[in-house]
Amino acid sequence: MDQKLTFILLGHTGAGKSASGNTILGEVLFESRRAFKSVTTQISEKSKVLYGKQISVIDTPGILCPGFEDKIKTYCQALLQSSTLCLFLVVIKIDRFTDEQKNAVTAAMRVIGDQEVSKADCLMLEYLPKMFGSYASKYSMVLFTHADQLNGQSLEDVIQSNEHVSKMVSMCANRYCVFDNKKRSNRLQVRSLLDKVDQILRTNGGHCPSDKLKFEPFKNKDGFFQTLVQLIKWLIMKIKELLASVVEYGFQSTRVIQHTALASIGMRRSIQSPLQSRVSPCSSLNVL
Ligand SMILES: Nc1nc2c(ncn2[C@@H]2O[C@H](COP(=O)(O)OP(=O)(O)O)[C@@H](O)[C@H]2O)c(=O)[nH]1
Ligand SMILES: [Mg+2]
């Protein structure tokens, strides 16, 4: 069986974390109901074998519940230290994106992020890139819930309609999934989530993020070869990471150049008189 995979659900109270945990595992294992305060009051883990994979889901209380952000962060850090392959799902209800939702997403990013930024510093999502560390950008995904409330709108439109949500999605390398938790029996939504996880693992070398190269003194020939294989795998993973960041850098630079070019064309147009703007670019060469 493949390596165990652990999903950690993070987000605001009522976002649909527990319901999504139940959808992933295909049965009601977490308590989920409508309430003003968090129904989930403890961090809890449930596991199951799904499609030949050992899957664990960690459900958390609403991240804005007093004291919970720090508890969840400590829990996640301990989990990462144990070399568990973890994937963070930032759960967002398809709804009006309120300030509270924004703060909950920001808090989730503080939990995932590996840079120390004070809470005061990152009350707004503008600060997210600063704290969104390499781990977070590789092993996190946005999970939208309440797909049944899309009312014919496309999810892409919903994402684009809010700059914070679209920023959030792009920080997760445009990885997102959507669940209708009222249709738990629709396993296609879970298959689609697992497919995206496979993509992440392929891109990031299928390694646990906290995977550190550990060298044991080799006692025999087998030990030597095992270490050699481990070293080669580690090198391949690092090369893939490097290539991925070069591609990402190239993509970002192209976008910046495009934007700058478009902006300068726009500026030139706006300072030209309407008469001038009708003159073809070649005519100015003719004058010269
Ligand atoms: N219609 C609909 N309701 C949902 C969906 N996901 C969750 N809910 C409901 O939203 C409420 C809060 O869900 P819950 O999982 O307890 O949220 P949590 O606080 O984030 O764990 C419950 O009444 C769920 O039945 C969904 O996809 N569609
Ligand atoms: Mg819950």
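Biologist: In this predicted model, which side chain has an N or O atom 2.7 Å from a nitrogen atom of ligand 1?

Modeller: A polar contact needs N or O atoms within 3.5 Å. Here a nitrogen atom of ligand 1 sits 2.7 Å from a side-chain N or O atom, and that side chain belongs to D148.

Biologist: How much of ligand 1 does the protein bury?

Modeller: Start with ligand 1 taken alone, which exposes 580 Å². Of that area, the protein buries 92%.

Biologist: Which residue has a backbone N or O atom 2.8 Å from an oxygen atom of ligand 1?

Modeller: Backbone atoms take part too. A polar backbone atom of G14 is 2.7 Å from an oxygen atom of ligand 1. The 2.8 Å distance belongs to N181.

Biologist: How many charged residues does the shell around ligand 1 have?

Modeller: The 18 residues around ligand 1 include K17 and D148. By class, three are nonpolar and nine are polar. The charged residues number six.

Biologist: At what angle do the axes of helix α2 and helix α3 cross?

Modeller: Two packed helices are described by the distance and the angle between their axes. Helix α2 covers residues 68-81, and helix α3 covers residues 99-112. Their crossing is right-handed. The axes come within 9 Å, and the angle is roughly 30°.

Biologist: Which residues of α3 make the contact?

Modeller: From α2 come E69, I72, K73 and C76. The contact residues divide into four nonpolar, no polar and three charged. On the α3 side they are A107, R110 and V111.

Terms used:
Residues numbered from 1 in each chain as written. Chains lettered and ligands numbered in written order. Predicted model: local features only at pLDDT ≥ 70, side-chain atom pairs only at ≥ 80, totals over all residues. Heavy atoms only, no water. Near = heavy atom within 4 Å. Polar contact = N/O pair within 3.5 Å; in protein donor to acceptor, adjacent residues only side chain to side chain. Areas by Shrake-Rupley, 256 points an atom, 1.4 Å probe, with all protein chains shown as cover. Nonpolar A, V, L, I, M, F, W, Y, C, P; charged D, E, K, R; others polar. Axes fitted to C-alpha atoms, helices over the stretch in contact; angles between N-to-C directions. Helix = DSSP H or I, 4+ residues; strand = E, 2+ residues; numbered from the N terminus. Left-handed = near helix turned anticlockwise from the far one by under 90°. Contact = heavy atoms within 4.5 Å.
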